[in-house]
Amino acid sequence: MSFEPQPFVRLADPVKDAAPLFDVCRKTVGPALRAGTPNLIAPYIWNVPYIRLCPEYCFAVDDGNGNAVGYVICAPDTPEFVKQWREEYLPILESLDPLLKKPEMDLPADWGKDLTLGVLQLLYNPEDMLHDACPRLVEEYPAHLHIDILPDYQRRGFGRKLMDALWDRLREAGVKGVHLVMEGRNVDAERFYMAIGYSRFDEVVDDGKSGERGKDVNGNLWMVKKL
Ligand SMILES: CC(C)(COP(=O)(O)OP(=O)(O)OC[C@H]1O[C@@H](n2cnc3c(N)ncnc32)[C@H](O)[C@@H]1OP(=O)(O)O)[C@@H](O)C(=O)NCCC(=O)NCCS
C-alpha cells in the first residue's frame with residue numbers, strides 16, 4: 001500500500017529552506033514584478049531578510065517530502081527589524097548578488113518606467129516600513145508579516161494554519177498586534193485576510209484621496225489584527 005505524502009506546517013529552516021522559499025516569493029509576487037530583473041530582486045525585500053534576521057518567526061508549508069512550498073514570515077518588532085536591516089543586512093547585499101548595487105537614492109523612481117530602480121530604492125530604504133506619517137500603525141501593531149503559498153497548495157487551509165502558528169508564537173513573545181501591507185488590487189488576498197480575522201486599519205491614510213480607511217496613497221491596503 002502506498003501513502004500520499006501529507007503537507008504540513010512547520011518552522012522554516014533558515015538554511016535548508018532558504019532557496020525554496022526564495023523561489024516561492026519569486027513565483028507569487030504581484031504580477032508587475034513577476035519577470036526580469038525586478039523579479040530577481042523582489043525576494044531580497046519580501047523574503048530573505050526575514051529568514052536571516054528573525055527565523056524563529058518564519059513558518060513553512062512542507063509538501064510532506066521536506067520541500068517548502070509556502071511561508072509566513074514575520075518581524076515581531078518592526079522598528080528593531082528596520083534597524084537590523086540597515087545595520088546588518090544592507091552591508092552584505094552586494095555580496096549576495098551583484099544585482100543588488102545601491103541605487104541613486106535622490107532620483108524619484110518612476111515605477112511605471114523603471115521598476116528595477118523602484119525595487120532597489122525600496123531595498124535600500126527600510127525606514128519606509130515605519131510609516132512615519134502614521135506612527136500609530138506600528139505602535140499598536142508592532143509586528144508585520146508576508147505570506148505566500150505556491151498555487152498547487154492554495155485554498156487548502158494552509159494559509160490559516162500558517163497564521164495560527166505565527167499568532168501563537170507572537171502571543172508567546174508578548175507581541176500585542178500584527179499588520180501587513182498588501183496591493184489593493186489583490187482582492188483574493190483581502191478576502192483571505194478578512195476570512196481569518198484581519199480588518200482594515202481604522203484611519204484614512206491617503207489624505208482623504210480615496211476616503212477609504214486603511215488605503216494608502218499608493219493604493220495599498222493596511223490590514224491589522226490584535227493578538
Ligand atoms: C492568500 C493566500 C496566502 C491564502 O492562503 P490559502 O492557503 O490559499 O488560504 P486558506 O485555504 O487557508 O483559506 C483560509 C480562509 O480564507 C478564505 N479564502 C482564501 N482565499 C479566498 C478567496 N480568494 N476568496 C474568498 N475567501 C478566501 C477561505 O475560504 C478560508 O476561509 P474558511 O476557513 O472560513 O473556509 C494564498 O492563496 C496565496 O499565497 N496567494 C498568492 C500570494 C498572495 O496573494 N499572497 C498575499 C500577498 S498580500
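**The ligand shell and the sheet**

Modeller: This is a predicted model. Around the ligand stand 19 residues, the closest being Gly 159, Met 182, Asp 188, Arg 191 and Ala 195.

Colleague: Which elements give two or more residues to the shell?

Modeller: Strand S4 (143-149), helix H8 (158-172) and helix H9 (187-195) do. H9 gives the most, with five residues.

Colleague: What classes of residue make up the shell?

Modeller: Eight are nonpolar, five polar and six charged.

Colleague: Which residues does the domain annotation cover?

Modeller: The unreviewed UniProt entry puts "domain: N-acetyltransferase" on residues 69-227. In the model, that span is 34% helix and 19% strand. Its end C-alpha atoms lie 26 Å apart.

Colleague: In what order do the strands of the open sheet run?

Modeller: The order is S1-S2-S3-S4-S5-S7-S6, seven strands with mixed pairing.

Colleague: Why are S1 and S6 said to stand at the edges?

Modeller: Strand S1 (8-11) and strand S6 (199-200) each have a single partner strand, so one side of each lacks a neighbour in the sheet.

Colleague: How do you know that S2 and S3 pair?

Modeller: Pairing needs at least two bridges. Four bridges join S2 (residues 59-62) to S3 (residues 68-75), so by that cut-off they pair. The two strands run antiparallel. Val 61 stands opposite Gly 70 in S3.

Colleague: What lies across S2, S3 and S4?

Modeller: Helix H1 (residues 18-28) does, running at about 90° to S3.

How values were computed
Residues are numbered from 1 along each chain as its sequence is written. This is a predicted model: local features need pLDDT of at least 70, side-chain atom pairs count only at pLDDT 80 or more; totals for chains, interfaces and linings use all residues. A residue is near a molecule or strand if its C-beta atom, placed from the backbone, lies within 6 Å of it. Ala, Val, Leu, Ile, Met, Phe, Trp, Tyr, Cys and Pro count as nonpolar, Asp, Glu, Lys and Arg as charged, and the others, Gly among them, as polar. UniProt positions are given in the numbering used here, feature names are shortened, and annotations may be inferred rather than shown by experiment. Two residues are in contact if their C-beta atoms, placed from the backbone, lie within 7 Å. Axes are lines fitted to C-alpha atoms, for helices over the stretch in contact, and angles run from 0 to 180 degrees between N-to-C directions.
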